[in-house]
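Take a look at the sequence and structure first, then work through the points below.

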Amino acid sequence: MRSAVSWLSLLAFFLEEAIVNLRRHGLVTIATVTTIAVTIGVWVFFSLEAMAWEKLLIWEGRKLERLCVFLRPEADEKTAEKLLEQVQKLPEVVQVRFVHKDEGLKKLQQMFGNSVPLEDLVGHNPLPHALEVTCRSPQEAAECAAKIKRMPMVDEVTFPAVAVQRYVQMVRSIRWRNHVLSVLLAVIAFILIFNALRVSVYGRRNEIRIMQLVGATVWTVRGPLLMEGLLYGILGALGTLLLTKLLLVLNAVFPTEPTYWTGFMGNWVEWRILLRDVQIDGVFVSQVLLLSMGLSFFSALIAAVRLVRAV
Amino acid sequence: MVLLRDVTVRYEGGVTALQNVNLTVEKSEFVFLVGPTGAGKTTLLKLLTRELVPNEGTVIVAGRDVTKMKPSQVPYLRRLIGTVFQDILLLPDRTVWENVAFALRVTGSSSREIAREVPKALETVGMLHKAKSFPSELSGGEKQKVALARALVVKPLVLLADEPTGNLDPTSSLEIVDLLLRINRQGTTVIMATHDRTIVDAYRKRVVEIVGGRIVRDELRGAFRRELA
């Protein structure tokens with residue numbers, strides 16, 4: 001068994017060798033680190049985007065979760081209260097509010113403006129009593145509406161069915177697009193790290209030959225490559241943080257109203273809107289570091305095993 | 001220390017590099033391996049470090065059956081064997097000290113061990129005064145001495161030298177062989193493949209001659225060429 005001291009000196013050796021290599025192949029190092037930085041940057045922004053959309057949709061969704069239950073014209077307030085109790089018992093329902101037909105008329109009047117007095121026009125209030133039902137989520141609205149529809153004294157249940165469907169589709173498509181692009185970027189970063197290490201192995205062929213001849217174990221030969229991968233990860237994370245800082249500064253210098261738009265690959269949010277939630281704090285830094293080092297180390301591990309075979 | 005029994009090595013394409021080779025080298029022996037280029041000398045040395053595995057036969061080094069060894073055990077075999085070559089493999093961007101220390105660092109030695117063993121090895125080959133020099137500042141003979149120090153620093157039981165004087169002038173060549181002999185007298189088994197007739201004839205050590213992949217001569221105090229009785 002190796003002592004702690006010899007492990008430490010071996011680790012120091014890996015680190016020295018890795019730094020020598022990063023310096024020796026400066027251009028390759030810069031290209032690799034930049035790619036990792038951009039990859040991690042885009043990953044971070046995708047997750048921010050997902051959060052931004054969810055925020056937007058939660059807010060919009062509030063309306064989508066709402067059903068309007070119109071009672072039959074003959075239903076009185078007592079019937080409405082009974083129905084309210086019944087509806088309240090449904091598991092999908094969060095809140096139910098009784099809307100008196102007079103209140104309904106007032107709302108309608110507000111919508112049309114005061115220029116046309118509705119009651120005067122018709123002679124009486126034509127609206128039935130209604131219930132305003134809030135469901136747990138837009139996805140459950142349709143099912144909830146169907147259940148309420150079957151209840152006695154219910155005339156009609158309205159809810160924005162098309163909007164609900166579009167909302168569900170949109171969230172799904174944004175998630176898919178981001179997953180696909182994330183994986184693509186990770187593959188590009190992996191290929192670059194692999195090639196950087198291939199260059200490194202070529203540059204170190206004499207070292208590697210000597211190591212193998214004097215009896216270094218295969219993992220000792222691979223060690224400097226793994227360390228190189230870790231260093232790529234750390235440098236890549238620093239790059240991402242720098243990039244984020246730069247965008248934050250730009251955003252502060254040129255503030256504009258954020259926008260959402262639909263384009264070739266689905267719905268997009270302008271980067272500025274994502275930056276509203278960004279803060280370069282301990283959590284953000286550690287997340288970026290973990291992602292970057294994880295990606296780089298994993299790539300380096302595969303490269304080291306493929307490029308340096310056991311004897 | 002070294003035992004080859006009925007060893008045959010065939011390269012891809014059907015070329016036979018060694019055929020039915022039997023050889024025993026005892027502990028602390030000094031052996032010159034001679035023969036024309038392509039005779040199989042390097043192949044034989046590569047069998048001992050397990051850079052090659054024979055198609056047939058058994059190779060035993062320091063009591064270990066090299067042919068049946070798992071890849072994970074090979075590094076530990078190589079720690080028992082020192083190697084020097086004609087193309088002196090020194091790292092150009094490291095000093096003499098760092099080149100020798102490299103062998104210890106990669107086998108997990110502590111800084112204390114390195115600080116103790118590197119000067120000893122450099123002293124043995126007479127290169128301690130050049131410890132801070134870079135390989136580019138050294139002559140061919142000096143470089144080979146540094147390579148020898150790197151092979152010695154791990155305290156090998158067997159030292160394999162493949163044409164170590166191939167690129168050196170006669171004086172440097174003699175210095176290197178003198179060093180190998182000194183190391184041998186301290187108990188290390190030395191096997192040296194060489195083309196250098198002068199050296200083999202001058203030292204009169206055991207000579208094993210390989211021609212066309214077969215051992216054709218094995219003399220205890222031999223010359224470079226077979227001598228008529």
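## A hairpin to start with

Strands β9(B) and β10(B) make a hairpin with two residues between them, and Gly212(B) in the turn has a positive phi of about 55°. Helices (H or I, at least four residues) and strands (E, at least two) are DSSP runs, numbered from the N terminus. This is a predicted model, where local features need pLDDT of at least 70, side-chain atom pairs count only at pLDDT 80 or more, and totals for chains, interfaces and linings use all residues. Residues are numbered from 1 along each chain as its sequence is written, while chains are lettered from A and ligands numbered from 1 in the order in which they are written.

**Strands around the hairpin**

- Strands β9 (residues 206-211) and β10 (residues 214-219) of chain B pair in the antiparallel sense over five bridges; two strands pair if DSSP finds at least two bridges between them.
- In β10(B), Glu219(B) is the bridge partner of Val207(B).
- β9(B) also pairs with β3(B), this time in the parallel sense over four bridges.

**Zooming in on Val34(B)**

- You'll find Val34(B) in strand β3 (residues 30-34) of chain B, and its bridge partner in β9(B) is Glu209(B).
- Val34(B) and Glu209(B) are 175 residues apart along the chain, yet their C-alpha atoms are separated by 4.7 Å.
- Is Val34(B) buried or exposed? Val34(B) is buried, because 24 other C-beta atoms lie within 10 Å (20 or more means buried, 12 or fewer exposed, in between partly exposed, with C-beta atoms placed from the backbone).
- Leaving aside neighbours within four places in sequence, Val34(B) is in contact with Thr194(B), Val200(B), Val207(B), Glu209(B) and Phe224(B); contact means C-beta atoms, placed from the backbone, within 7 Å.

**An open sheet**

- Four strands of chain B form an open sheet in the order β2-β1-β4-β5, with antiparallel pairing.
- β2 (16-25) and β5 (64-65) of chain B are at the edges with a single partner strand each, so one side of each has no neighbour in the sheet.
- Strand β4 (residues 56-61) of chain B pairs with β5(B) over two bridges, and Val61(B) has Arg64(B) in β5(B) as its bridge partner.

**Two crossing helices**

- The axes of α3 (residues 96-105) and α4 (residues 111-124) of chain B come within 10 Å and cross at roughly 125°; axes are lines fitted to C-alpha atoms, for helices over the stretch in contact, and angles run from 0 to 180 degrees between N-to-C directions.
- Residues meeting there include Trp97(B) in α3(B) and Ile114(B) in α4(B).

Notes:
Contact = placed C-beta atoms within 7 Å.
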